[in-house]
Structures are given as structure tokens and as C-alpha cells.
Amino acid sequence: MKIFFKYFAVLIVAALGTGIVLYLDARCPQKKAQQAQLVNNAIESYIQNNKETLANLVLESDTFKNSSFQIKANNEPEQQTEKETVTENNPNQIYLDHWDEMKNSEIAPYAGPQNAKVTVVEFFDFACGHCKALAPVMAQLVKNNPDVKFVFNPLFFMSEHSPYAAKASLAAFQKGKFVEVFEGIMTLPEMNEDTINQILVDEGLNVDEIKQMMEQKEIRRGIQDIDALSQVLGINGVPMLIINGEPFYGRSLDDLQNKINSYK
């Protein structure tokens with residue numbers, strides 16, 4: 001702003017011209033008033049003829065920029081508060097916001113038609129006891145509902161062997177054997193690399209090939225993306241089921257089938 005006033009002062013002096021002498025005689029009020037009026041007229045005339053130049057000087061000043069930044073910063077908390085209010089009014093909004101990402105995941109294994117009218121998404125951990133109890137229900141739902149899409153998102157926070165199981169299941173999906181491997185691992189009384197490999201063999205898969213696939217960037221990055229999505233959604237417990245963008249906490253075959261039917 002100091003720069004602005006400096007330029008402004010120079011411009012005013014130039015506008016008055018070099019022939020004007022600002023002599024304000026305190027003993028002559030009339031002369032003092034005339035000189036003041038002359039200055040005011042010159043300033044008003046210059047402002048009217050140079051509005052654009054003066055406006056640009058103001059816009060470029062540090063004071064103006066800092067003031068604008070402060071106004072924007074003061075408004076941001078209000079916008080955030082409004083967003084938080086919407087979320088509080090509809091706690092399921094986060095699932096709706098990310099529903100397309102969940103149902104059309106490029107990495108998560110799925111069963112059923114790709115563009116089904118009804119989609120069931122599950123987040124689970126192969127080491128989770130409740131997930132193991134739900135597994136046969138999910139497998140039965142897949143068999144009973146060939147027109148429904150089931151998307152499976154393996155997480156890996158409950159056991160040191162969960163990451164291996166998660167990557168193995170994604171590799172099995174690429175070989176067309178996800179549901180079979182999923183059911184097999186979920187029935188293991190003790191889950192470790194050897195017992196998981198035995199499930200792969202039982203389903204006719206080559207363990208060495210699966211291990212090579214598990215180290216591919218697509219799969220290693222894939223389980224990280226699934227984990228990141230679960231954190232965005234705020235999922236802190238498994239199994240977690242979302243049906244057509246709505247979280248569902250029923251666990252029996254009848255409850256889940258009835259909920260699926262309500263969307264058909």
C-alpha cells in the first residue's frame with residue numbers, strides 16, 4: 001500500500017502541473033480556501049480520468065492481497081462446518097459418495113454380473129472370526145442370486161498372515177477361482193502360508209504361479225488401495241456390508257436375502 005500512495009502522490013503533483021505553487025498563507029483565509037479548492041478539483045479530475053490505473057494499483061498492493069487472503073481464510077471454517085452438518089444429518093452419505101468406487105473397483109474380486117441392479121460390497125479379514133462365520137452365508141447368497149453383484153474387499157490388519165491371504169485371493173480371482181479359495185481359507189482352523197497354499201492346490205492352482213502373481217504391482221498396490229478406501233469410509237470393524245450404498249448389519253441368510261430382494 002505504501003507503493004500505491006507513493007505513486008498516487010507523484011501523479012497528483014504531475015496533475016497539478018509545475019506552474020502551481022502551493023502557498024497557503026495562514027493570514028489569508030480566502031487565498032487558502034482557493035488553493036485548497038484548486039487541489040481538490042485537480043485530484044477529482046485526475047481520479048475520474050485514471051480510474052483503471054488507480055484500481056490496478058490497489059489490486060496489486062500487498063495490503064489488498066493480504067486482506068483478500070484473510071477474508072477467504074475466515075470463510076473456510078464456515079464451509080467446513082456446513083459440510084460436517086450435512087454428514088451428521090446423513091451418516092450414510094460417505095458410502096453414497098464412494099459407492100461407484102466400491103461397486104466398480106478395478107482390483108476387488110467380485111462375483112455376478114458387472115452391471116447388476118443390486119450390488120453387495122463386503123469388507124472383511126480372512127483372520128476375523130465373525131467374517132469366517134459370515135462366509136458360508138455370503139457363498140450361499142452368491143449361489144442364490146446370480147443376478148446380483150458381490151464385491152469382496154480383503155483387509156489385512158488382524159493377523160500376520162492376513163496380507164498373504166488377501167494377495168492370494170486377488171491372484172485366485174484373476175485365475176477365476178476366488179469364491180472357491182475364499183470359502184476354503186475361511187474354513188481353515190489355523191491360517192498360515194502353508195495352509196493357504198494347500199487350499200490353492202486343492203482348487204487346482206499352481207502355488208508358484210500364484211506367488212509370482214501376488215508380487216505383481218497390480219495386486220500389491222491393489223490391497224493397499226482397498227485398505228485406503230476402508231479408511232476413507234471410516235470402517236473400523238469387520239465384516240462390513242454395504243448394499244446399494246447403504247450399510248447393512250444383518251448377518252443371517254434370511255435377513256440379507258430380504259434386504260437384497262427389497263432392491264430388486
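**Entry 1: strands E2 and E3**

The model I am reading is a predicted one. Strand E2 covers residues 119-125 and strand E3 covers residues 149-155. I see 7 bridges joining E2 to E3, and the two strands run parallel. Helix H12 packs on the sheet, where I find it touching E2 and E3. The direction of H12 makes about 95° with that of E3.

**Entry 2: the whole sheet**

Next I traced the strand order. The sheet is open, has 5 strands and reads E1-E3-E2-E4-E5, with mixed pairing. Which strands stand at the edges? They are E1 (110-111) and E5 (246-248). Each has a single partner strand, so one side of each is left without a neighbour in the sheet.

I noted the general rule here: strands of a sheet pair through backbone hydrogen bonds, either parallel or antiparallel.

**Entry 3: strand E4**

I then turned to E4. E2 and E4 run antiparallel and are joined by 4 bridges. Val 121 stands opposite Ile 242 in E4. E4 also pairs with E5 in the antiparallel sense, over 3 bridges. In that pair I find Leu 241 opposite Phe 248 in E5. E4 and E5 form a hairpin with 2 residues between them. Asn 244 sits in the turn and has a positive phi of about 50°.

Are the faces of E4 covered or uncovered? I find both covered. Met 240 and Ile 242 lie on one side, Leu 241 and Ile 243 on the other, and all are buried. In a regular strand the side chains alternate between the two faces of the sheet.

**Entry 4: Ser 230**

Ser 230 belongs to helix H12, residues 217-233. Why does Ser 230 count as buried? Its relative accessibility is 3%, and the cut-off for buried is under 20%. Leaving out residues up to four places away in sequence, Ser 230 touches Phe 123, Leu 155 and Ile 235.

**Entry 5: helix H13**

I looked down helix H13, residues 253-263. Its buried residues include Leu 256, Gln 257, Lys 259 and Ile 260. Seen along the axis, the buried residues of H13 fall within an arc of 160°, so they line one face of the helix. An α-helix has 3.6 residues a turn, so residues three or four places apart point the same way. On the face turned away from the buried side of H13 I find Asp 254, Asn 258 and Ser 262, which are exposed. What do the buried residues of H13 pack against? I list E2, helix H7 (129-144), E3, strand E4 (240-243) and E5.

**Entry 6: helices H8 and H11**

The axes of H8 (residues 162-174) and H11 (residues 207-214) come within 9 Å. They cross at roughly 105°. H8 and H11 are therefore roughly perpendicular to each other. From H8, Tyr 164, Lys 167, Ala 168, Ala 171, Ala 172 and Gln 174 take part in the contact. They meet Ile 210, Lys 211, Met 213 and Met 214 in H11. I sorted the residues of this contact into 7 nonpolar, 1 polar and 2 charged.

**Entry 7: the protein overall**

The protein has 13 helices and 5 strands. Of its 264 residues, 37% count as buried. Among contacts with a separation of 6 or more, 75% come from residues 24 or more positions apart.

Key: Residues numbered from 1 in each chain as written. Predicted model: local features only at pLDDT ≥ 70, side-chain atom pairs only at ≥ 80, totals over all residues. Heavy atoms only, no water. Buried < 20%, exposed > 50% of the residue type's maximum accessible area, 1.4 Å probe, protein only. Contact = heavy atoms within 4.5 Å. Axes fitted to C-alpha atoms, helices over the stretch in contact; angles between N-to-C directions. Parallel < 35°, antiparallel > 145°, perpendicular 65-115°, else oblique. Nonpolar A, V, L, I, M, F, W, Y, C, P; charged D, E, K, R; others polar. Pairing = 2+ DSSP bridges. Arc of directions from axis to C-beta.
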